[in-house]
Amino acid sequence: MALNPQITNLIIILGMMQVSKKIPFEDPQVLIGVRILYIVTNIVIAGVYLYLQNKINAKKDLTTLKYVEPAPMGSAEEPKLITTTVHSYDSQQLRALWKSQLMGVGMMGVMHLYFKYTNPLLIQSIIPLKGAFEGNLVKIHLFGQPAIGDLKRPWKAAGGLMGMGGQGEPKADKKSIEQAERAGSGGVKEE
């Protein structure tokens, strides 16, 4: 039985916080080494995402994918029917991964360059790399796992803190799709 990725992230963070207390970041050689580690891991992640983009575009899977996207929590909106293709869905998911990674690099840049925090560099050299290789797109397109079970599209949105996401999971069952079609809350194809 594998541990939940959020639990392993917490274990890594707590462990790396203890390790980082022992690292002499005042030494310029050590600081440069940790900066290089951070940059290399981000280059590896960018390389993986570029490879995924090539694989997604090479496959160009035009299989139709219909699902009902739940309304945001606390909103009065109706759930929305989404009709797209596997290629478009995967491309959209990859854009979200790029955006998330760039936000992380930006925040780390501010924390390190402006506020002079060095300890998070070490943690952020490991957690995003681990997260990238645990992603569904990587499992399907890089590791070649079949898109069944937990890897069947549409994927559940990653939960926030303690697994509490901002909205429910997308529904791809026939009953939910027919209900959304009857309600008239969709039918527009996303490109």
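In what order do the elements of the protein chain run from the N terminus on? They run α-α-β-β-α-α-α-α-α. This is a predicted model: local features need pLDDT of at least 70, side-chain atom pairs count only at pLDDT 80 or more, and totals for chains, interfaces and linings use all residues. Residues are numbered from 1 along each chain as its sequence is written, and side-chain values use heavy atoms, with hydrogens and water left out.

**View 1. The whole chain.** The protein chain has 7 helices and 2 strands. Helices (H or I, at least four residues) and strands (E, at least two) are DSSP runs, numbered from the N terminus. Of the 191 residues, 30% are buried. Buried means under 20% relative accessible area, exposed means over 50%, and partly exposed lies in between (1.4 Å probe, protein chains only). Take the contacts with a separation of 6 or more: 69% of them join residues 24 or more positions apart. Contact means heavy atoms within 4.5 Å.

**View 2. Helix H2 against helix H5.** Two packed helices are described by the angle between their axes and the distance between the axes. H2 (residues 28-59) packs on H5 (residues 127-134) at an angle of about 15°, and the axes are 9 Å apart. That makes H2 roughly parallel to H5. Axes are lines fitted to C-alpha atoms, for helices over the stretch in contact, and angles run from 0 to 180 degrees between N-to-C directions. Angles under 35 degrees count as roughly parallel, over 145 as roughly antiparallel, 65 to 115 as roughly perpendicular and the rest as oblique. The crossing of H2 and H5 is left-handed. A crossing is left-handed if the near helix is turned anticlockwise from the far one by less than a right angle, and right-handed if clockwise. From H2, Thr41, Val44, Ile45, Val48 and Tyr49 meet Pro128, Leu129, Ala132 and Phe133 of H5. This contact of H2 with H5 has 8 nonpolar, 1 polar and no charged residues. Ala, Val, Leu, Ile, Met, Phe, Trp, Tyr, Cys and Pro count as nonpolar, Asp, Glu, Lys and Arg as charged, and the others, Gly among them, as polar.

**View 3. Helix H1 against helix H5.** H1 (residues 5-22) and H5 pack at about 160°, with axes 11 Å apart. H1 is therefore roughly antiparallel to H5. Their crossing is right-handed. Pro5, Thr8, Asn9, Ile12 and Ile13 of H1 meet Ile127, Lys130 and Glu134 of H5. By class, the residues of this contact of H1 with H5 are 4 nonpolar, 2 polar and 2 charged.

**View 4. The strand pair.** S1 (residues 64-69) and S2 pair in the antiparallel sense over 6 bridges. Two strands pair if DSSP finds at least two bridges between them. Thr64 has Thr85 in S2 as its bridge partner. In S2 (residues 80-85), 5 of the 6 residues are buried, so S2 is largely enclosed by the rest of the structure.

**View 5. Arg95 in helix H3.** Arg95 sits in H3 (residues 86-114). Its relative accessibility is 52%, so Arg95 counts as exposed. Arg95 and Tyr49 are 46 residues apart in sequence, but 9.3 Å apart in space, C-alpha to C-alpha.

**View 6. Backbone details in the loops.** Lys60 lies in the loop between H2 and S1. Its phi is positive, about 45°, although Lys60 is not a glycine. Lys116 lies in the loop between H3 and H4 (119-123). Its phi is also positive, about 65°. Pro154 is in the loop between H6 (136-142) and H7 (174-183). A cis peptide bond joins Arg153 and Pro154, with omega about -5°.
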